[in-house]
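Biologist: Before I rely on the labels in this model, I would like to hear what stands behind each of them. Could we go through them one at a time?

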Amino acid sequence: MLDKKKHIQYIKDAIETKDLAYYSTEQSRIFTIYWTANSLKILKDDFLFEIKQSVIELVKSSLNKDGGFGGNIGLGSTILSTFHALQLLWIYGIPFYSKNTINFILNLQSDDGSFENDEWGEKDTRFDCCAVLSLHLISIMKDAISRSGNVLSEEVSFYPECELNENLLSKPISEEFIKEIGFDKTKSIMHILNCYNLDGGFGQIIGSESHAAQIFCCVSVLRVLDALVCVDVERINDFLVYRQCPNGGLNGRLEKKEDVCYSFWALAALIMIGSEGIDKEALKAFIYSCEGENGGFSDRSGNEPDLYHLMFSIASLGLLGEEGLKEVDPGFCL
Ligand code: GRG
């Protein structure tokens with residue numbers, strides 16, 4: 001069973017320590033805060049609420065005039081940081097709705113259906129995932145705002161706390177919302193399908209190598225867009241199941257070393273396609289072998305723990321049904 005106290009202490013220490021890891025992640029503070037807050041939420045620890053004010057202040061201050069969020073205050077908007085900002089608002093039950101943000105996301109879509117990260121034009125199925133999942137979060141939040149009796153206003157983006165229905169995460173995005181905002185769902189599905197390879201995987205861009213984490217991204221998009229029927233789930237299952245190494249851990253692609261984060265990316269994708277053909281007990285044992293003596297998890301046994309691997313390890317243990325942890329949605333890691 002997970003020693004929760006140890007990991008909570010690890011998180012507290014990590015927050016207070018201004019070391020190289022802290023300064024080198026300055027540009028992506030929204031990411032590290034998501035890993036931190038989400039870990040606390042999955043661990044069901046109240047320290048989550050002790051950091052709430054500073055987290056929400058950071059999120060609010062990272063919202064730019066173009067409607068996107070930056071990785072930290074004063075940084076340019078990207079779809080990656082916009083998605084993590086929305087995840088943080090979700091974690092704290094603070095609904096967000098802004099036409100400006102919806103337009104920021106929609107304007108990142110190219111004619112071929114893919115999404116770019118920002119104005120500089122890099123493409124990667126990670127960005128499709130962040131864009132589509134962000135639209136789904138905003139859609140659910142918009143409904144929650146109206147249901148709680150608040151009126152949507154052009155001047156307001158962050159609304160009073162209210163109940164956000166976690167069950168809706170696994171449901172397809174509302175067709176009404178898609179129409180209202182003018183999102184080209186078909187173009188998005190087509191791009192994802194074009195990134196599919198015959199070995200059963202998906203790559204970063206059309207024609208690039210299959211990778212377990214990109215499979216996660218593509219499967220999660222297809223789930224939200226209600227298009228999982230378009231793919232051969234048995235082949236995807238085979239690609240992912242072959243990622244399990246003799247020590248129980250999973251790698252991301254052929255001939256590569258295992259990394260504890262793939263426990264999440266691969267297992268979550270398998271759950272979404274309704275197939276769990278890996279050896280779960282062996283995977284659990286591998287995850288625990290990556291646990292740091294003083295808390296945290298590392299990519300593989302004996303390495304230095306960090307917040308990223310901590311969150312994805314705890315989330316994986318949650319998916320594996322470990323006792324005392326919050327239920328985790330596999331597509332949103334929330
Ligand atoms: C729902 C939490 C959530 C996120 C949605 C940002 C994102 C969207 C997904 C990221 C998926 C991704 C591509 C993760 C990267 C995993 C990783 C450790 C990549 C390292 O790549 P290599 O080539 O590693 O260094 P390998 O293991 O292939 O050698």
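Modeller: Let us start with Arg235, which is partly exposed, with a relative accessible area of 42%. This is a predicted model, in which local features need pLDDT of at least 70 and side-chain atom pairs count only at pLDDT 80 or more, while totals for chains, interfaces and linings use all residues. Residues are numbered from 1 along each chain as its sequence is written, and side-chain values use heavy atoms, with hydrogens and water left out.

Biologist: Why is Arg235 called partly exposed?

Modeller: Buried means under 20% relative accessible area and exposed over 50%, with partly exposed in between (1.4 Å probe, protein chains only). Arg235 has 42%, so it is called partly exposed.

Biologist: Why is Lys185 called buried?

Modeller: The relative accessibility of Lys185 is 17%, and therefore it counts as buried. Lys185 belongs to helix α10 (residues 185-194), a helix being a DSSP run of H or I with at least four residues, numbered from the N terminus.

Biologist: Which residues are in contact with Arg235, once its neighbours within four places in sequence are left aside?

Modeller: Contact means heavy atoms within 4.5 Å, and with those neighbours left aside Arg235 is in contact with Tyr196, Leu198, Asp199 and Gly200. Leu198 is 37 residues from Arg235 along the chain, and their C-alpha atoms are separated by 8.3 Å. For Lys185, with its neighbours within four places in sequence likewise left aside, the contacts are Glu175, Ile178 and Leu225.

Biologist: Which helix supplies the largest share of the shell around the ligand?

Modeller: That share, four residues, comes from α11, and α6 (79-91), α8 (125-147), α11 (212-224) and α13 (261-272) each supply at least two residues of the shell.

Biologist: Which residues of helix α7 are buried?

Modeller: In α7 (residues 99-106), the buried residues are Thr101, Ile102, Phe104, Ile105 and Leu106.
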